[in-house]
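Please open the model in a viewer and keep the sequence panel at hand. The stops below are given in the order in which they may be selected.

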Amino acid sequence: MPDGMGDFFAPRRLCDTAALADGGAGVRFAVSLNGREVGAFVVRYDGVAHGYLNQCAHVPMELDWQEGQFFDSAGLYLMCATHGATYAPDTGLCVGGPCRGAALAKLRIEEREGAVYWLPEAPFLPPDA
Ligand code: FES
């Protein structure tokens with residue numbers, strides 16, 4: 001079935017539920033923001049999948065130095081590999097480092113029937129839209 005306007009904001013399947021371990025590696029994907037393709041990721045924390053733009057609130061660098069590694073070694077905070085900003089995994093709020101008080105841009109994530117989905121909403125659109 002061709003993608004019509006009605007599918008514009010259709011949920012995008014990101015990965016299997018089992019692919020996201022609590023406090024473990026994340027799954028990267030891409031979104032379109034103001035006509036530009038920007039990296040994003042989803043991780044699991046305390047049983048819940050959370051998605052964010054892969055852009056530090058300090059300088060818009062990607063957080064993961066090693067692809068998919070977003071958590072600190074204890075699996076408690078998301079950590080930027082560039083200058084070490086730490087973020088609460090469930091809210092994206094920066095709780096330590098140079099951008100304390102700022103936050104990652106949060107994306108809508110939903111999990112059902114064994115899979116994790118991104119629910120695109122403006123200004124974060126599917127890159128192929
Ligand atoms: S770019 Fe992330 S802490 Fe500086």
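Helices (H or I, at least four residues) and strands (E, at least two) are DSSP runs, numbered from the N terminus. This is a predicted model, in which local features need pLDDT of at least 70 and side-chain atom pairs count only at pLDDT 80 or more, while totals for chains, interfaces and linings use all residues. Residues are numbered from 1 along each chain as its sequence is written, and side-chain values use heavy atoms, with hydrogens and water left out.

Begin with residues 15-118, which an unreviewed UniProt entry lists as "domain: Rieske". UniProt positions follow the numbering used here, feature names are shortened, and annotations may be inferred rather than shown by experiment. The span is 40% strand and 0% helix, and its end C-alpha atoms lie 10 Å apart.

Next, select Asn34, in the loop that links strand E2 (27-33) to strand E3 (36-45). Asn34 is not a glycine, yet its phi is positive, at about 55°. Is Asn34 buried or exposed? Asn34 counts as exposed because its relative accessibility is 71%; buried means under 20% relative accessible area, exposed over 50%, and partly exposed in between (1.4 Å probe, protein chains only).

Move on to Asp46, in the loop between E3 and strand E4 (48-53). Asp46, also not a glycine, has a positive phi of about 55°. With a relative accessibility of 64%, Asp46 counts as exposed.

Finally, select Pro123, in the loop between strand E10 (115-118) and strand E11 (124-125). The peptide bond joining Ala122 and Pro123 is cis, with omega about 5°.
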